[in-house]
2 protein chains.
Amino acid sequence: MQVNLFYSINMPKGTRTRRRSGCPLNASVEMLGDRWSLLIIRDMMLRGSRTYKEFLNSHERIATNILADRLRRLENYGILATERDPSDGRKLIYRLTPKGIDLAPVLTEMVLWAARHEETGNQALVREMQNDKERLLATIRQRWAEGRHQSP
Amino acid sequence: MQVNLFYSINMPKGTRTRRRSGCPLNASVEMLGDRWSLLIIRDMMLRGSRTYKEFLNSHERIATNILADRLRRLENYGILATERDPSDGRKLIYRLTPKGIDLAPVLTEMVLWAARHEETGNQALVREMQNDKERLLATIRQRWAEGRHQSP
DNA sequence: AAATTTACTTGCATTTTACAAGTGAAATGT
DNA sequence: ACATTTCACTTGTAAAATGCAAGTAAATTT
C-alpha cells in the first residue's frame with residue numbers, strides 16, 4: 001500500500017500541504033485550479049450567494065458532494081469563512097475573507113479574456129468590466145467592506 | 001452503457017463541446033481550470049519553453065501523457081500552435097497564439113494574488129509585476145510580436 | 001549501422017468526479 | 001404536539017481523470 005505524502009488526514013481531497021513548487025502561479029493553481037472553485041467565488045462576489053442552497057442554484061449544476069468538498073477546501077485556504085445564521089439555525093452563511101475578495105482582479109481578467117476570445121453571454125457585466133475595471137473592483141471591495149453582500 | 005454527450009470522439013479528455021453555461025468565467029474555467037494548463041502557459045510566456053522536453057523540465061514534474069494531452073487541448077482551444085523545427089525534424093515547436101498571449105493579465109493577477117497571501121518564491125518576478133504591471137505586459141506582448149520568445 | 005534524442009503512446013493502479021439516494025438537525029405548518 | 005418541510009450535508013457506486021512506469025517510432029548523431 002502506498003500513501004501520498006502530499007496530503008494529510010482530515011483534509012478535503014486535493015488540499016495539499018506540500019506544494020509542487022514555490023512558484024506563486026503554482027500556488028494559485030493548486031488552490032483554484034479545478035472546475036468549480038472559481039465559480040463558487042464568482043457566485044459569492046458577483047451574485048451575492050451566501051448559502052449552500054444558493055450555490056446549488058447556479059447554472060452549472062455542481063454536485064452536492066463536490067460543493068461541500070470545495071467549500072471546505074476554500075475555507076481551509078482562508079478564502080472564505082462561515083458563521084451560523086442567527087435567525088435560522090439550519091443555515092450556514094458563507095462569506096469571502098479579505099483574501100477571497102482580493103481574487104476580484106483574477107476573476108475580472110478571466111472574464112475579459114473569455115469575452116474577447118469566445119462566444120459568451122452576460123455582456124452587461126463584460127462591458128462594465130471593460131469600461132472601468134478599477135471602478136468595478138472598488139465597488140466590489142466596498143460592497144464587502146460594508147457588509148452589503150447579502151442576497152437581495 | 002452510458003455516454004457523456006458533452007464530449008466528442010477524437011478529442012483530448014476534458015475538451016468539451018457544449019459548455020455548462022454561457023458565463024465567460026465558466027468558459028475560462030473549462031479551458032484552463034485544471035492543475036497543469038496554466039503552468040504550461042507560464043512556461044511558454046515567462047520561461048520561454050517551446051518544446052515538449054522543455055516543458056517536462058519544469059519543476060512541478062508533469063507526467064508525459066498528461067503533458068501530451070494538455071498540449072493537444074490547448075492547441076484545440078487555439079491558445080497555442082505548433083510547427084516543425086526546420087533544423088531538427090524530431091522537434092515540434094509550440095508557441096502561443098494571440099489568444100494565448102492575451103492570458104498574460106490573468107497569469108499576472110494570479111501571481112500577485114498568491115504572492116500577497118501565500119509564502120512563495122520568485123520574488124524578483126513578483127516585484128517586477130507589482131512595480132509596473134503594464135510595462136511588464138507590454139514587454140511580454142512585444143517579445144512575442146518580435147519572435148524573441150525562443151529559449152536562450 | 002548502432003546509439004541517442006525527441007515526442008510521444010500504452011497499460012494499469014490510484015484518485016477524483018458525477019449522479020442518485022439517504023440522513024439528521026432545525027424550522028414550519030396544522 | 002407532531003408531522004412535514006427545509007437545509008446542509010453524507011454515503012455508495014460508477015465513470016472519468018491522473019499519475020507512474022515502460023515502451024515505441026521517427027529523426028538525428030556518432
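Modeller: In the second largest pocket, strand E2 of chain A gives the most to the lining, with five residues. This is a predicted model, and what follows is computed from it. E2 spans 88–96, and helix H3 (52–56) of chain A likewise supplies at least two residues of this lining. The volume of the second largest pocket is about 190 Å³.

The largest pocket has a volume of about 240 Å³. Its lining has 16 residues, and those closest to the centre are Glu109(A), Lys133(A), Glu134(A), Glu109(B) and Lys133(B). Both chains take part: helices H6 (104–117) and H8 (133–145) of chain A, and H6 (104–117) and H8 (133–145) of chain B, each supply at least two lining residues. Charged residues number 10 in this lining, beside four nonpolar and two polar ones.

The two chains are related in a simple way.

The structure holds three cavities of 30 Å³ or more. The largest cavity has a volume of about 60 Å³. From chain A, its lining takes Ser28(A), Val29(A), Leu32(A), Gly33(A), Leu38(A) and Met110(A). From chain B come Val29(B), Leu32(B), Gly33(B), Asp34(B), Leu38(B) and Met110(B). Helix H1 (24–32) of chain A and helix H1 (24–32) of chain B each supply at least two of the lining residues, and H1(A) has the largest share, three residues. The lining of the largest cavity divides into eight nonpolar, three polar and one charged.

Some of these names return in the packing. The largest nonpolar core has 82 residues, and Leu32(A) and Leu32(B) are among those with the most contacts inside it, together with Leu25(A), Ile41(A), Leu25(B) and Ile41(B). H6(B) gives the most to this core, with nine residues. Leu25(B) shows how the chains meet: leaving aside residues up to four places away in sequence, Leu25(B) touches Leu38(A), Leu39(A), Arg42(A), Leu107(A), Met110(A) and Val111(A). Two of these partners, Leu38(A) and Met110(A), also line the largest cavity.

The second largest cavity has a volume of about 50 Å³. Its lining is made of Trp36(B), Leu39(B), Ile40(B), Asp43(B), Phe55(B), Ser58(B), Glu60(B), Arg61(B), Ile62(B) and Leu67(B). Helix H2 (residues 37–47) of chain B has the largest share of this lining, three residues. By class, the lining of the second largest cavity has six nonpolar, three charged and one polar residue.

Terms used:
Residues are numbered from 1 along each chain as its sequence is written. Chains are lettered from A and ligands numbered from 1 in the order in which they are written. This is a predicted model: local features need pLDDT of at least 70, side-chain atom pairs count only at pLDDT 80 or more; totals for chains, interfaces and linings use all residues. Side-chain values use heavy atoms; hydrogens and water are left out. On a 1 Å grid over the protein atoms alone, a cavity is a set of points where a 1.4 Å probe fits but cannot get out, and a pocket is an open set with protein on both sides within 12 Å along at least five of seven lines; lining residues have an atom within 4 Å of a point. Grid points are joined across faces, edges and corners, and a volume is the space filled by probe spheres set on the points. Helices (H or I, at least four residues) and strands (E, at least two) are DSSP runs, numbered from the N terminus. Ala, Val, Leu, Ile, Met, Phe, Trp, Tyr, Cys and Pro count as nonpolar, Asp, Glu, Lys and Arg as charged, and the others, Gly among them, as polar. A nonpolar core is a set of buried Ala, Val, Leu, Ile, Met, Phe, Trp, Tyr and Cys residues joined through side-chain atoms within 4.5 Å. Buried means under 20% relative accessible area, exposed over 50%, partly exposed in between (1.4 Å probe, protein chains only). Contact means heavy atoms within 4.5 Å.
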